[in-house]
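Please open the model in your viewer and keep a selection panel at hand. The stops below are meant to be taken in order.

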Amino acid sequence: MFDGMNRRVICMWFPRLASDRALRACPVDGAFALVARQGNAERLYCVNEAAERAGLDRGMGLADARAFCPELISRPARPEQDARFLVALRRWALRWCPWVGLEGPDGLVLDITGAAHLWGGEAAMLADMRARMAAMGLSLRLGAGETRGAAWAYAHYGEGKQPLLALPVAALRLDAQTCTALERMGLRRIGDLAGAARAPLARRFGPGLLIRLDQALGRMPEPLAPAPEPVHYGVRLSLPEPIGLLGDVMAGTERLLGALCTKLRAQDSGARRLMLTLRRVDQGSQQVELRLAAPMRDAARILPLFERGLAEVDAGFGIDQIRLEATLVEPLATQQLGLGAAPQQGDRLSDLITRIGTRIGLENVLRFLPADSHIPERSFLIAPAAHSTPETGWHSTPPRPLRLFAPEPIAANGSAPPARFRWRRMILHTARATGPERIAPEWWLEDEGWRHGMRDYWRVETRQGRRLWLFHTPQNPGWFVQGEFA
């Protein structure tokens with residue numbers, strides 16, 4: 001355990017992280033820039049080295065940049081992809097030491113205390129970092145110091161070629177407004193700031209300025225905590241002999257499900273999407289995806305759902321490896337169950353929806369939900385059953401037809417239901433009519449179908465057996481058929 005006296009910290013700064021990432025995916029020659037919208041203008045988000053040589057810089061308007069450099073190639077910026085790329089770099093940087101954390105949106109910080117000798121010394125480690133990042137096409141600036149603040153300062157202002165006290169005050173990770181005020185006071189270097197009276201500085205700039213100074217000089221500790229590793233919901237089974245029978249594959253899947261569900265239970269989570277990968281001896285592979293209607297972590301319930309997909313797998317000359325991964329995980333609270341308790345009604349419904357969804361797709365299994373509207377076609381919502389929960393807020397209303405469709409006009413006169421009318425090439429005779437039920441339009445919503453005003457609805461039973469839902473519009477007299485009862 002080190003007491004901090006010999007602590008060594010390295011800061012890895014990627015000044016062109018976004019543009020380097022984009023050029024790794026699709027290289028171009030010449031000036032290149034990523035563009036992001038700021039306010040009402042398109043501005044340069046990140047530029048490559050060729051664009052910097054042409055006089056372009058971050059924050060410049062895209063129109064002005066094209067005036068300076070007509071051959072500029074631009075693409076939209078993707079900050080979320082840059083963040084994921086930096087997280088991947090952090091995990092890769094664990095090759096040098098076990099303590100690696102994120103340093104802002106474009107840097108990493110490494111605590112190499114006690115690890116440099118494994119690489120032949122600190123200089124050899126830094127050289128290895130530069131060589132590997134150059135091979136990856138990434139621009140890198142390194143700084144090494146006894147504190148995190150000093151390492152950051154060297155990486156951004158000189159890479160250790162000057163003493164720490166000779167660096168500008170901006171190297172203390174201060175905001176631009178504070179740096180400008182300090183320079184106006186004649187405090188341009190860290191050494192000037194360290195030799196000034198502390199009390200007036202604290203009164204004017206607050207404690208944050210002195211905290212940054214003390215952290216850089218080692219007078220105040222600054223923690224360096226590595227980012228926690230995300231939980232990986234994946235298990236793998238390598239087989240000594242290839243298998244090909246459905247029963248054998250199901251037995252291997254059952255074994256993997258037990259291990260995966262144990263990990264899910266430890267994290268109070270449930271799987272919504274599972275991917276089973278079967279690798280054959282000829283190096284080919286087949287995948288079976290299972291999408292669940294609700295988060296689950298019960299291996300006994302999940303295993304039968306794989307049977308239909310596994311029955312369609314071509315094992316070829318045999319399967320020698322099975323890999324199971326939960327590609328979509330959601331929180332799932334722990335439930336208190338009695339001894340030998342059977343699955344709840346909601347669990348059985350979720351299993352049924354999953355079985356049907358594996359055949360026709362989960363998005364095609366729909367559920368009706370109540371909506372707060374007295375307009376017939378707006379009184380309900382249709383949502384995928386796998387991504388919604390049943391609701392009980394159905395209001396008691398007069399009977400509604402089983403089938404609703406767009407109003408279809410019929411020829412009739414008067415406000416009473418017609419005794420005889422023609423609908424869909426059929427001549428129908430009214431046997432009994434019940435109503436009217438008057439429904440007024442929702443005036444606060446624009447609806448082309450209700451521009452004629454209120455409607456008087458009638459339930460009409462015909463001698464031919466049809467039970468229809470008709471309405472009459474008093475303001476603009478006319479009759480329409482909108483639904484049919486069972």
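This is a predicted model: local features need pLDDT of at least 70, side-chain atom pairs count only at pLDDT 80 or more; totals for chains, interfaces and linings use all residues.

Residues are numbered from 1 along each chain as its sequence is written, and side-chain values use heavy atoms, with hydrogens and water left out.

Begin by selecting residues 246-266, which make up helix 11; helices (H or I, at least four residues) and strands (E, at least two) are DSSP runs, numbered from the N terminus. Helix 11 has 21 residues and reaches 30 Å from its first C-alpha to its last, close to the 30 Å expected at 1.5 Å a residue, where the expected span is 1.5 Å times one less than the number of residues. Its buried residues include Val 249, Thr 253, Leu 256, Leu 260 and Leu 264; buried means under 20% relative accessible area, exposed over 50%, and partly exposed in between (1.4 Å probe, protein chains only). Among the elements against which the buried residues of helix 11 pack are strand 8 (234-243), strand 9 (269-280) and strand 10 (285-296). Just after the helix, select Asp 268, which takes a positive phi of about 50°.

Next, select Ala 315, in the loop between helix 13 and strand 11, where it counts as buried at 12% relative accessibility. Leaving aside neighbours within four places in sequence, Ala 315 is in contact (heavy atoms within 4.5 Å) with Ile 243, Gly 244 and Arg 280.

Move on to Arg 301 in helix 12, which is buried, with a relative accessible area of 17%. With neighbours within four places in sequence set aside, Arg 301 is in contact with Met 296, Asp 347 and Asp 351.

Then select Ile 356, which is in helix 14 (residues 345-360) and is partly exposed, with a relative accessible area of 35%.

Finally, select the cysteines: the structure holds zero disulfides, a disulfide being a pair of cysteine sulfur atoms within 2.5 Å. Cys 46 is in no disulfide, and the nearest cysteine sulfur, that of Cys 69, is 15 Å away. Cys 179 is likewise in no disulfide, with the nearest cysteine sulfur, that of Cys 11, 16 Å away; Cys 179 is buried, with a relative accessible area of 8%.
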